[in-house]
Amino acid sequence: MIDDLEILEHEEPSMSKPSSYTTPKWWKEAVIYQIYPSSFQDTNDDGWGDVKGITSRVDYLKQLGIDVVWTSPIYKSPQADMGYDIANYKVIDPIYGSNEDVDNLISELKKRDMKLMMDLVVNHTSNEHDWFLESRSSKTNPKRNWYIWKPPKSVSEAGVPEPPTNWAQILGEANSAWTYDTETGEYYLSVFTPEQPDLNWENPEVREAVWDVMKFWLDRGVAGFRMDVINMISKDPSYPDAPVILDPKSHQYQPGTQFFVNGPKLHDYLREMHDQVLSKYDTITVGEMPGVSDENEILRTVGANAQELNMIFIFDIVDIDKPNIRMALKPWDVKEMKSIITRWQRCMIDRDGWNSVFIENHDNPRSISRYADDSDAFRDKSAKLLALMQTTLGGTLFVYQGEEIGIRNAPTEWDVDVEYKDIETINYWKKCKKIYKDDPKQLEHGRKIIQMKARDHARTPMQWNAKDNAGFCRPGVKPWMRVMDDFKQGINAEAQMDGGDEKELSTWQFWQRGIHDRKEHADVFVYGDYQEISPEDPDILAYGRTSKSGERWLVVLNFSGKDVEWTLPESLRVEFWACSTYVKGRPEKPQKGTIPLKPWEGILAKCKIE
Ligand code: GLC
Ligand code: CA
């Protein structure tokens with residue numbers, strides 16, 4: 001193991017290299033809040049969140065310290081995958097409102113010096129998009145080649161066609177990634193669900209059409225895009241079969257992601273997007289890039305001179321409990337979490353890239369349920385621990401709706417068949433019931449995976465106050481998805497904004513404090529160097545953050561449910577402890593030697609090097 005001292009002293013060389021890591025940019029310092037629009041705020045009593053609802057909450061977001069609002073897709077969509085299946089890129093779905101509502105949202109944000117970021121879902125469209133309707137209409141239609149059509153691999157004597165490859169669809173992992181079209185006798189590629197046909201990016205007309213959509217929204221005043229599975233737009237042109245890794249008796253199709261994640265032309269397409277569109281505007285861009293962890297590859301996109309995207313979402317932390325398919329579980333520990341954090345913090349500093357900081361989004365369960373302890377006794381401590389971690393790491397910070405009040409996973413008692421709405425969960429549960437109908441143990445395991453991993457946990461309605469329906473929609477209106485029952489027990493924004501008690505900040509106030517401190521000390525927390533401390537400790541995640549001018553802060557996070565003692569590195573002297581997740585104001589802790597930490601306690605100190 002490397003000695004703490006050595007680690008603490010090695011930062012200067014990396015920071016003295018010519019690097020634009022510390023060059024200030026608005027999109028590096030901005031704090032982004034992701035809204036899941038159907039579940040944020042309903043204003044017209046249909047039980048579905050809407051754009052006017054977002055506008056009605058901009059003061060709330062401002063007060064929290066948010067600069068940029070990113071909303072998951074609100075475009076016209078049949079909602080097979082909650083708007084990630086777009087039928088018209090230039091029209092807002094009436095269930096959310098109108099284009100004018102978005103103009104109004106942009107202008108209300110602007111008044112408060114805030115910005116709007118939209119979701120750009122262009123790996124695929126809805127199967128109800130006009131482009132696709134034309135494409136499927138005949139083999140000779142001019143838009144045929146806008147999607148990926150292939151003849152069957154074979155057709156049996158009985159006339160049953162076989163898909164061109166053995167790839168499984170991603171959302172549900174049971175069916176083929178190819179959908180057969182009886183009219184024209186060919187398959188189209190639809191890696192997520194049959195309702196989401198993949199666009200053919202090889203076709204320059206498709207790329208032009210995407211640039212046109214981007215300009216349409218940028219010209220309307222949108223500040224940038226979160227780009228949905230943008231690393232899947234280039235497919236392996238040889239379309240090979242995937243290796244068999246799932247039991248072929250129960251799984252006819254196999255994960256084929258390696259053949260469409262970071263494919264051969266990805267960087268050509270992203271650079272073209274940059275030249276054609278992004279270079280002409282002052283944008284914020286973040287690419288959703290699951291399934292890639294290779295530093296060289298990632299730096300091709302987010303390196304300072306890459307001319308592709310500002311940053312991406314790297315999934316190593318949210319995939320920490322995932323083997324190679326999403327609906328699965330794998331044990332993990334704090335050491336693994338630390339090494340992931342350290343790896344990416346150092347990579348971006350040392351190699352001049354930029355990254356995002358996030359642990360929740362609409363595709364993942366709630367962070368306190370996953371990484372800490374969501375019991376009544378510790379949920380609030382856990383939420384603050386994770387807030388302290390995220391507000392003190394380098395990169396652009398993303399907060400997910402409800403994370404700021406510590407919303408947790410839906411309770412185990414919820415009936416999957418009744419309360420769960422996500423197409424992935426529904427498909428997965430269907431598959432479990434089919435495959436494991438005679439194996440109650442396995443079926444129980446499937447239910448456990450849903451409890452731990454289902455996307456539905458992130459999609460329950462926002463908890464605003466203690467009124468019926470938690471203020472998400474009016475009392476008496478039926479919300480599209482069940483509201484959690486715990487909004488009356490303090491898990492709501494109103495209670496937490498006024499609240500906490502004399503001795504402690506509420507989770508919301510703790511987030512607000514953290515965001516404020518992060519901005520006040522952006523040279524440390526956004527742009528500073530990072531030093532890992534005690535990487536071998538099984539419970540404690542500790543790191544230093546240091547500004548260019550040598551201002552040093554120390555973060556110590558107890559990722560265990562027990563009291564622990566942690567010894568400060570000899571070389572560090574605490575000037576003062578600035579905050580703890582347990583007390584309001586400055587905690588009293590020893591300034592050197594051994595520091596006691598309560599279960600799930602996190603502390604922050606201003607330090608000096610001796
Ligand atoms: C992304 C989205 C997810 C969606 C998928 C297909 O991963 O975040 O919600 O299901 O892409 O668009
Ligand atoms: Ca509504």
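For the classification of residues used here, Ala, Val, Leu, Ile, Met, Phe, Trp, Tyr, Cys and Pro count as nonpolar, Asp, Glu, Lys and Arg as charged, and the others, Gly among them, as polar. The model is predicted, and local features therefore require pLDDT of at least 70 and side-chain atom pairs pLDDT 80 or more, whereas totals for chains, interfaces and linings use all residues. Residues are numbered from 1 along each chain as its sequence is written, chains are lettered from A and ligands numbered from 1 in the order in which they are written, and side-chain values use heavy atoms, with hydrogens and water left out.

The shell around ligand 1 divides into four nonpolar, three polar and seven charged residues. Among the 14 residues around the ligand, those that come nearest are Asp81, Asp228, Glu288, His362 and Asp363, a residue being counted as near if one of its heavy atoms lies within 4 Å.

Ligand 1 takes up the space of the largest pocket, a molecule being assigned to a pocket if more than half of its atoms lie within 2 Å of the grid points. A pocket is an open set of points, on a 1 Å grid over the protein atoms alone, with protein on both sides within 12 Å along at least five of seven lines, and lining residues have an atom within 4 Å of a point. The largest pocket holds about 900 Å³ of space, the volume being that filled by probe spheres set on the points. Its lining comprises 42 residues, with Ile170, Met232, Thr257, Pro290 and Lys322 nearest the centre; by class, 18 are nonpolar, 11 polar and 13 charged. Because domain 1 (26-124 + 204-497) and domain 2 (130-189) both contribute residues to this lining, the largest pocket lies between them, the bounds coming from an automatic or database domain assignment.

Terms used: 1 Å grid on protein atoms, 1.4 Å probe; cavity = no way out; pocket = protein on both sides within 12 Å on 5 of 7 lines; lining within 4 Å.
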